[in-house]
Amino acid sequence: MGWMNFLLRTRGRQRLDWTDVLSYTYLVVGLFTMFAPVVWLVMSSFKTEAAIGQFPPTFMPYTQKTVVVAGHDKPLPLFTVTLDDGRKREMAQVQRMGIMATMVDPAAPEERVQVNIRQREPVNTLKFAWGNYTELFGKFTFGTYLWNSVFITVVATVLTLLFNSMAAFALSKYKFRGQKGVFFLIIATLMIPPTIILVPVFLVINHVGLLNSLWGVILPAVATPTGVFLLRQYMLTIPDELIEAARMDHASEWRIYWRIVLPLSAPALAVLAIFSVMWRWNDFLLPLIVLSKNEFFTLQLALNSFQGELNTQWHYLLAMTVITLLPVTLVFAFLQRYITTGIAGAGVK
Amino acid sequence: MRFLAFFFNLLEPFFRFGQQRLGLQRLGWLFVAPNLIVFGLFCFLPILINLIYAVTGGVQLMPLSRPYTGAENFQILFECGNYLDLSTCRKDVFWRAIFNTVKFSFIQVGLMVLLAMVTALVLNRKILGRGFWRGVFFYPVLLSPVVVALIWKWLLQSQGAFNAGLVALEMSPVQWLTESGWAFFWTVFVSIWAHMGFYTLILLAGLQAIPKDLYEAAEMDRASPWRTLTRITLPLLMPNLIVVLVLAAIRAVQVFDEVFVLTGGGPGSATTFIVQFIYQTGFAEQIHLYGLAAAASLALAFFLIVLTLAQLRLTRASEAGQKGR
């Protein structure tokens with residue numbers, strides 16, 4: 001029972017009381033509610049098109065076994081047939097007419113048996129349909145969507161880090177007239193949700209000729225109040241003496257910025273980089289109005305447009321969804337601590 | 001690394017020149033310039049244009065070539081034959097969107113903050129693997145709205161896992177997303193599922209900032225857990241709770257992407273919210289009515305300003321209360 005004691009051990013106290021039991025029950029229910037839908041999606045994405053249409057659905061990706069029978073070009077589906085005398089045999093189905101099916105024994109392909117379809121049960125095996133994933137790259141110009149998403153995310157994040165750190169440097173290490181006003185203006189943009197200036201932003205992007213261009217999504221996103229705020233607060237902790245010393249050595253201001261202040265701000269830059277990657281990768285509303293042509297779609301837009309189609313090809317859609325949530329999940333798995341402390345510290349998402 | 005150095009060195013002469021012309025301290029302007037240009041173009045200028053759009057009509061995109069129509073856009077939005085009957089309104093979808101948004105905000109914010117509170121309290125106990133559990137509740141926050149919507153759409157579709165469960169219990173399947181009551185329920189549920197972790201995190205940070213000696217003192221006095229919660233935890237958490245409530249409300253009023261993918265605003269207009277109304281009026285319909293969309297976004301802005309002012313008021317009141325104690 002050692003492991004039991006280990007599991008039930010709580011810091012400071014010896015025993016579990018009923019509130020602990022309640023807490024853990026709550027947590028386990030939470031674990032199920034938060035992860036079961038995602039797990040279900042991932043498992044479903046490995047089902048073949050036929051298995052996805054089945055009702056009731058199974059959790060694991062089962063698919064019907066097929067066999068190659070001499071004299072038939074295509075592999076035939078395998079069934080367990082209950083014969084009239086009660087014996088069970090595994091047989092392949094040649095064709096089906098109404099409620100009758102013509103079955104053959106794969107070992108003896110000459111002998112054909114007519115059975116009622118209620119007498120046969122499909123033989124299922126566990127099979128992961130990796131084809132859902134590999135075939136994506138040949139279809140729907142999926143590669144283009146992936147590239148668009150990656151390009152926007154990477155370029156926007158690099159520019160975000162550059163521009164926001166420059167502004168943060170000026171706001172934390174210089175004293176110029178209007179500095180407070182600039183800081184206030186930048187922070188004030190936090191108060192202006194993108195949804196209420198949707199129409200005019202569209203106009204501006206259209207006017208500067210960036211409609212249906214990846215840059216039309218990148219440029220409006222590279223200045224973030226959150227980023228400036230986060231970096232400025234961090235740079236305030238860098239001692240001014242360091243900068244004075246560098247000036248004594250005749251370092252130019254630009255050099256001071258990128259050789260001294262930037263490297264020292266690495267932790268804050270890392271947090272902002274993680275944020276920026278997630279913001280841009282998950283972005284939906286701005287791309288939705290800026291990118292209307294298929295070849296500029298990001299993954300999010302492609303997902304949205306495919307799920308709206310009349311006969312949604314769920315097996316591809318699910319695989320695509322899994323690919324879309326994969327990077328974020330990886331970032332989360334490895335960098336969870338930075339994200340959670342960053343959010344708790346700044347109170348922003 | 002070498003590439004980075006090359007890139008930064010490339011910009012050096014530019015800033016040297018700037019320093020000669022501006023002087024040391026005013027060089028700061030050069031550093032903030034890229035940010036200000038981007039904000040100016042894509043935030044401050046749009047605010048101005050939005051005001052122009054709201055009082056002009058027509059379908060032209062350029063603000064100055066649009067005919068001035070005064071308050072007509074607002075009249076179209078708000079005018080009703082009989083204010084007790086929404087179907088007599090000129091834009092009944094807009095009214096329905098407002099009604100839905102208010103209903104959604106109250107239910108979603110109330111339930112979500114309550115759940116986030118409970119979760120934060122549980123996570124703040126002495127539990128094994130707190131980091132892991134915190135991550136569990138936080139994970140959906142990182143997922144994109146489209147992915148969130150598709151995850152649930154897959155579960156809720158007519159041949160999905162939920163209906164399989166119902167059939168297994170020998171009940172008849174339900175059209176979860178095409179019956180208006182259920183569709184609304186799921187928009188609320190899914191948005192709570194997706195965002196609760198964020199608020200839990202803020203509340204947890206607040207809980208951890210409460211001095212431990214207060215609880216020790218309460219234990220000495222044999223205070224019941226309930227009394228400890230209502231007399232120590234909740235009052236001291238009040239500032240965080242207000243921030244969370246207002247942030248959640250500001251987000252809820254702007255609900256769009258998840259719902260747009262999950263239900264498309266339907267069935268009918270049962271789950272159409274204000275932002276979707278703006279998007280459809282301005283972009284999705286045959287004739288792009290930018291003026292009407294802009295007027296509707298000003299109405300939304302009004303909601304948001306009220307919420308922000310409420311936050312300032314409440315924060316100040318609660319700070320005053322703290323000092324008074």
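1. Helices (H or I, at least four residues) and strands (E, at least two) are DSSP runs here, numbered from the N terminus.

2. A word on the model before going further. It is a predicted one, in which local features need pLDDT of at least 70 and side-chain atom pairs count only at pLDDT 80 or more, while totals for chains, interfaces and linings use all residues. Residues are numbered from 1 along each chain as its sequence is written, and chains are lettered from A and ligands numbered from 1 in the order in which they are written.

3. Strand β4 (residues 88-97) and strand β5 (residues 100-105) of chain A pair in the antiparallel sense over five bridges; two strands count as paired if DSSP finds at least two bridges between them. Gln93(A) has Met103(A) in β5(A) as its bridge partner.

4. On to β3(A), residues 76-82, which pairs with β4(A) in the antiparallel sense over five bridges. Thr82(A) stands opposite Lys88(A), and Val81(A) is opposite Arg89(A). This hairpin has five residues between its strands, and Gly86(A) there takes a positive phi near 90°.

5. Which other strands does β3(A) pair with? Strand β2 (residues 66-67) of chain A is antiparallel to β3(A) over two bridges, with Thr66(A) partnered by Pro77(A). Three bridges also join β3(A) to β7(A), residues 120-122, again antiparallel. There, Phe79(A) has Pro122(A) as its bridge partner.

6. How covered is β3(A)? Five of its seven residues are buried, where buried means that 20 or more other C-beta atoms, placed from the backbone, lie within 10 Å of the residue's own.

7. Finally, the interface: 80 residues of chain B are in contact with 77 residues of chain A, contact meaning that C-beta atoms, placed from the backbone, lie within 7 Å. On the chain B side, helix α2 (residues 28-54) gives the most, with 18 residues. That side divides into 59 nonpolar, 13 polar and eight charged residues. Ala, Val, Leu, Ile, Met, Phe, Trp, Tyr, Cys and Pro count as nonpolar, Asp, Glu, Lys and Arg as charged, and the others, Gly among them, as polar.

Definitions and conventions. Contact = placed C-beta atoms within 7 Å. Buried ≥ 20, exposed ≤ 12 C-beta atoms within 10 Å, placed from the backbone.
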